[in-house]
Amino acid sequence: MSARRRRLAGVITLVVLTACTVGGSGGGHRNAPNASSGGSTGGYAVAIPHVRPGGAPTLQAAIAELCVAPPPTDGKPATGALPPDLVSIAQSVEQARGHRYAHYPPATEVSNSQMDRRLLKNFRQTTSRRADDRRTVAWRTIGVIGRGDDLYRAYRAFTTGQVVGYYDPETGDLVYLGSGTLDFSERFTLAHELTHALDDQTFDLTRLDPLAAHCQDERAQAALGLVEGSAQYFAAVAIAQNPSIDLGDLLKEIAQSASGATPPPGVPQFVFDQQLWPYSTGETFVASLVGSGGTAAVDHAFERFPVSTEQVIDPATYPADTPVAVSIPDLTGALGARWGDLDAMTIGEEWLRGMLALRQGVSPDVATGWQGGGYRAWTDGHDVVVVLRTRWDEPDRASAFAAALQDWAAGRDPAPAITRSGREVTAVFATTPSLVATAGTALTQG
C-alpha cells in the first residue's frame with residue numbers, strides 16, 4: 001500500500017479490524033499508457049493481457065514506464081468539530097505521543113452503509129483494474145497467488161465490511177462508524193486514527209504521496225510500516241492510561257490477535273499478510289524506537305522515513321543499512337517481437353518473507369540479509385516470463401536463499417530456473433519450460 005492506498009483493514013484488535021489512513025491502489029502501481037486489454041485466459045480467473053511490444057532497457061526504467069501517477073483528488077478540507085467523547089481520547093493521544101494538535105480534526109460519524117459507499121467510491125476512483133490484472137498475472141506466474149485469484153477483487157474485499165474508521169490526510173477528516181456508546185475496541189480504533197491525525201499535523205503524511213506517484217513500492221511499504229506502527233503503538237499507550245489496563249498485556253494481546261487472523265473470503269494469504277504487515281511489524285518497530293530513544297526517536301523516523309522493509313523488520317539496520325538497486329535487463333529481443341513489459345516492481349525483505357511463508361517447512365527468516373530486489377514480467381498476450389532477482393549482504397546469505405527458493409518451488413510445473421552468482425540470486429518463472437530455458441539463456445548471454 002502506498003500514500004494513496006486503499007482504506008484497508010489492519011490489525012485484528014480483539015474482535016474488530018482497525019482501519020488505516022487514505023485510499024488508493026495497492027503499491028501505487030498503474031497501467032501503462034496505450035496498453036490494450038484482453039488476451040488468453042488459459043483457464044485462469046484473470047486473462048493475460050496484450051501489451052505494447054518492446055521493453056524498457058532496465059528494471060528501473062520499466063517501473064517508471066509502467067507507472068502512471070494517481071489522479072489528483074478533489075477532496076475539500078473537512079469542516080466540523082470533534083465530538084466531546086472523542087476529545088478525551090484525543091487528549092490521551094496527545095499525552096502518549098508527546099505532541100499537541102494544532103486543532104482537533106473534524107470527525108464524521110457514518111453508518112455501515114455510508115462507510116461502504118465512501119470506501120467503494122474511493123476504490124473506484126483510484127484503482128486501475130488493468131494494473132491489478134497485470135500484477136495478478138505476474139504474481140500467479142511466480143506462484144505467490146493462485147490461478148483463481150484476482151488482486152482487484154481481493155483489494156476490493158478489504159474495502160467493505162471491515163473498516164470501522166479512517167483518517168484522510170488530504171482532507172483532515174476522521175470518519176468512523178457510529179454505534180452509540182464506545183466500547184474498548186472502538187476506543188482503540190479511534191485512538192489509532194487520532195494518532196494518524198496528530199502525526200499528520202506534526203509531520204505531514206502527504207509526504208508519502210511521491211512514493212506512490214513514482215511507484216516506489218518497497219519504500220512506500222517501509223514508510224507505511226512507520227505510519228501504521230506509530231498509530232498502533234501510541235493508540236495502545238493512550239488506551240493504557242486507564243489504570244486497569246497494562247500496556248504490555250495490551251500490546252501482547254494485539255500481537256496475538258493479529259497472528260491468529262485469517263484472510264477474508266477471496267483474499268489470498270500472501271495479499272492478506274502484506275496488508276497486515278505494516279500494523280504488526282510496524283508496531284514492533286516503533287516500540288523498539290521508543291525503547292532506545294523515546295518518542296524523539298519516533299519523531300526522527302518521521303523526519304527520515306525508513307527506506308526498506310528490512311529497516312522496519314530489524315530496527316538495528318535503520319537508518320544506515322540502505323538497499324542497493326538490482327539490474328534486470330530487457331529480454332524482449334530474445335523472447336520475440338510480440339513480447340512487451342507486463343509488470344515490474346521493487347521487492348524487499350517483507351515481500352520475500354511473505355512468499356517463503358506460503359510453503360510449509362521453508363523458513364521466512366532466510367530472507368534476513370536482503371540487500372535489494374525486484375522483478376520484471378513480460379508477455380506476448382499468451383505466455384508470461386518473470387525474472388526475480390535479489391542481492392544479499394553476504395554470499396552465504398545468497399546461497400541460503402537460493403536453496404530455500406528451490407525448496408519453495410519444489411514440484412512446480414514448469415520448474416523455475418534458480419541460479420546464484422556471488423551475492424545475487426536470480427529466479428526465472430514462466431508459463432512453459434521452453435520459455436524458462438530461453439529467458440535463462442538470454443540472461444547468461446546478456
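## The loop that holds Pro-319

Pro-319 sits in the loop between helix H11 (309–313) and helix H12 (332–335). Helices here are DSSP runs of H or I with at least four residues, strands are runs of E with at least two, and both are numbered from the N terminus. The model is predicted: local features need pLDDT of at least 70, side-chain atom pairs count only at pLDDT 80 or more, and totals for chains, interfaces and linings use all residues. Residues are numbered from 1 along each chain as its sequence is written, and side-chain values use heavy atoms, with hydrogens and water left out.

The peptide bond from Tyr-318 to Pro-319 is cis, with omega near 0°. Tyr-318 is buried, at a relative accessible area of 11%. Buried means under 20% relative accessible area, exposed means over 50%, and partly exposed is in between, for a 1.4 Å probe and protein chains only.

## Other backbone features in loops

Asp-413 and Pro-414 are also joined by a cis peptide bond, with omega about 5°. Pro-414 is in the loop between H14 and S9.

Two residues other than glycine have positive phi. For Asp-204, phi is about 65°. Asp-204 lies in the loop between helix H6 (184–203) and helix H7 (209–213). For Cys-215, phi is near 55°. Its loop runs between H7 and helix H8 (217–239). Are these residues buried or exposed, or in between? Asp-204 is partly exposed, with a relative accessible area of 35%. Cys-215 is buried, at 2%.

## The five-stranded sheet

The sheet is open and has 5 strands, in the order S6-S7-S8-S10-S9, with antiparallel pairing. Two strands pair if DSSP finds at least two bridges between them. Strands of a sheet pair through backbone hydrogen bonds. Strand S6 (340–346) and S9 are at the edges with a single partner strand each, so one side of each has no neighbour in the sheet. From one strand to the next, the twist averages 15°.

S6 and strand S7 (residues 370–379) run antiparallel, joined by 6 bridges. Here Gly-340 stands opposite Thr-379 in S7.

## Around strand S10

Strand S10 (residues 424–430) is mostly covered, with 6 of its 7 residues buried. Strand S8 (residues 384–392) pairs with S10 over 7 bridges, in the antiparallel sense. Val-387 stands opposite Val-428 in S10. Strand S9 (residues 417–421) also runs antiparallel to S10, through 5 bridges. Ile-418 has Ala-427 in S10 as its bridge partner.

S9 and S10 form a hairpin with 2 residues between the strands, and Gly-422 there takes a positive phi near 65°. Helix H14 (residues 395–408) lies across S8, S9 and S10 and runs at about 175° to S9. Angles run from 0 to 180 degrees between N-to-C directions, and axes are lines fitted to C-alpha atoms, for helices over the stretch in contact.

Helix H10 (residues 269–303) packs against helix H13 (residues 349–356) at an angle of about 140°, with the axes 10 Å apart. Which residues meet? Phe-270, Asp-273, Gln-274 and Trp-277 in H10 meet Glu-350, Trp-351, Gly-354 and Met-355 in H13. Contact means heavy atoms within 4.5 Å. By class, the contact has 4 nonpolar, 2 polar and 2 charged residues. Ala, Val, Leu, Ile, Met, Phe, Trp, Tyr, Cys and Pro count as nonpolar; Asp, Glu, Lys and Arg as charged; the others, Gly among them, as polar.

## Aromatic pairs

How many aromatic pairs does the structure hold? There are 11 aromatic pairs. Rings of Phe, Tyr and Trp (its six-membered ring) pair if their centres lie within 6.5 Å; planes under 30 degrees apart are stacked, over 60 edge-to-face, and the rest tilted.

Trp-139 and Trp-351 form an edge-to-face pair, 6.1 Å centre to centre with 70° between the planes. Trp-139 is in helix H4 (residues 129–142) and Trp-351 in helix H13, so the pair ties together parts 212 residues apart in sequence. Trp-139 is buried, at 2%. Trp-351 is buried too, at 3%.

Phe-285 and Tyr-318 have ring centres 5.8 Å apart and planes at 90°, so this pair is edge-to-face. Phe-285 lies in helix H10 and Tyr-318 in the loop between H11 and H12, so the pair links parts 33 residues apart in sequence. Phe-285 is buried, at 0% relative accessibility. One aromatic cluster is formed by Trp-139, Phe-270, Trp-351 and Tyr-375.
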